[in-house]
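These are my notebook entries on a structure that is new to me. I set down what I looked up, entry by entry.

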Amino acid sequence: MSVDALRGFDMFWIIGADSLVYALHRMSPSGPTTLLADQLEHAEWAGFHFYDLIFPLFVFIVGVSLVFSLGKTIERAGRGEALKRVFRRGILLFVIGILYSGGVSSAWPDIRLMGVLNRIALAYLFAGLLFCLCKPRALLGICIGILVGYWALMTFTPIRDIQLTKSNLAELADKAGDPQTAALFKADSNPSAIKDSPEWAAAEKMFYATTNRVSGRFGQGLNLANHIDFMYLPGRKYDTFFDPEGYLSTIPAVATCLLGVFAGLLLKNQGLAGKQKVAWLISFGIAAAVLGWLWDYQFPVIKKIWTSSYVLVAGGYSAILLGVFYMVVDVWQVRGWCQPFVWMGMNSITVYLASNVLGGFRRVALRFAGGDVKGFFDAHGTRGCGDLVISIVGLLLAFWFVQFLYKRKVFLRL
């Protein structure tokens, strides 16, 4: 039950809890609310905020869950059936990910092929295959190999000495005495989504004209992962010339999922008492986080390229959270408080997709608490009280939705 509760807690932040904190901060700005609001923004590049844990925590929980689901399938129907399930679920989730990002509602190349759900799909696919085919010791070796191998690729592979950001490309064009090209990069557009974009063509010309090579660079737009996306990732890129869920950075996300697999194997171990499992989870979490922060000195903790140090830091914090949830929910059996999170956790993909289709539960909440209702609370309460009410109504609607599905035993099974 703790796994479902933790997954639901994770989704709670994804579908709107952050807006609750922002509203509180607008109502009464203070040191604590400023800190909380800051933690609910992604680190601009290097570094780690609480919001940078949300995505890897979900991938980690996917790894925990597949131990139980695929383990049961292997016991009942055999390894072949488990492999079929992994392929089917991975492919379906990848397709849903493309639909989530807009599907084919726009003309090519304004279609995003890699996104959050796509990364989850690929992490599940490869971690699931490895779980079905390899023993735990081999999985450990593969996980270490992924982290070290990704570090080596990012550190030692020579790349062109050019930073693929609009501001830098505009500056380079200005320095070269080409104001026309500089003006292209100053426009507010995403050239990766525009067919035959002159801005994209200009960026390619500047990129391939760069002959100087460097290595060991991890800056935004100046690293191997971003350059590979620029050269080989088709379709719309989230960050103009590269994507935070691009090709190369998906590889260490598989390691994040494998860390969850190890946690799942620990929870499934009948030879350990509950408190021993908690001690192992928290001890591993602390050790992984410390190792990740030490590695940060050479290979910075960066979510947008999913660095190996980021995998360890996020995986460590995820293990600690799982340990706390497991102790409270499954060892101490204190469960009343977490039931709403369980509803959400057991239909996490459903509520995520529903939020996307509806434009967010906050948008639906405006129908109940917007307009004059919001104005009433703003007028008779403190500044920003109306936004707080809208955020609360949005979250209540989300919880009502997942409770409705839970009570009727409706669950999205891919």
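Are helix 9 and helix 10 parallel, perpendicular or oblique to each other? I looked up the pair and found that helix 9 (residues 198–209) and helix 10 (residues 224–232) pack at an angle of about 125°, with their axes 11 Å apart. Helix 9 and helix 10 are therefore oblique to each other, since angles under 35 degrees count as roughly parallel, over 145 as roughly antiparallel, 65 to 115 as roughly perpendicular and the rest as oblique. Axes here are lines fitted to C-alpha atoms, for helices over the stretch in contact, and angles run from 0 to 180 degrees between N-to-C directions. Helices are DSSP runs of H or I with at least four residues, numbered from the N terminus.

Before going on I noted that this is a predicted model, in which local features need pLDDT of at least 70 and side-chain atom pairs count only at pLDDT 80 or more, while totals for chains, interfaces and linings use all residues. Residues are numbered from 1 along each chain as its sequence is written, and side-chain values use heavy atoms, with hydrogens and water left out.

Next I listed the residues between these two helices: Trp 200, Ala 203, Glu 204, Phe 207 and Tyr 208 in helix 9 meet His 227, Phe 230 and Met 231 in helix 10, where contact means heavy atoms within 4.5 Å. By class, this contact of helix 9 with helix 10 has six nonpolar, one polar and one charged residues; Ala, Val, Leu, Ile, Met, Phe, Trp, Tyr, Cys and Pro count as nonpolar, Asp, Glu, Lys and Arg as charged, and the others, Gly among them, as polar.

I then turned to a second pair, helix 4 (79–100) and helix 15 (residues 348–358), which pack at an angle of about 20° with their axes 11 Å apart. Helix 4 and helix 15 are therefore roughly parallel to each other. In their contact, Leu 93, Ile 96 and Tyr 100 of helix 4 meet Ile 349, Tyr 352, Leu 353 and Asn 356 of helix 15, and these residues divide into six nonpolar, one polar and no charged.

My next entry concerns salt bridges (a side-chain nitrogen of Lys or Arg within 4 Å of a carboxyl oxygen of Asp or Glu), of which a search of the whole structure finds 13. One of them joins the side chains of Arg 7 and Asp 4 at 2.7 Å, N to O, and both residues lie in helix 1 (residues 2–27), three residues apart, about one turn of the helix. Arg 7 counts as buried at 11% relative accessibility, whereas Asp 4, at 21%, counts as partly exposed; buried means under 20% relative accessible area, exposed over 50%, and partly exposed in between, with a 1.4 Å probe and protein chains only.

Another salt bridge joins Arg 236 and Asp 110 (2.9 Å, N to O). Arg 236 lies in the loop between helix 10 and helix 11 (250–268) and Asp 110 in the loop between helix 4 and helix 5 (116–133), so the pair ties together parts that are 126 residues apart in sequence.

In helix 7 (residues 166–175) I looked at Glu 171 and Lys 175, four residues apart, whose side chains meet in a salt bridge at 3.3 Å, N to O. Lys 175 is exposed, with a relative accessible area of 65%, and Glu 171 counts as partly exposed at 40%.
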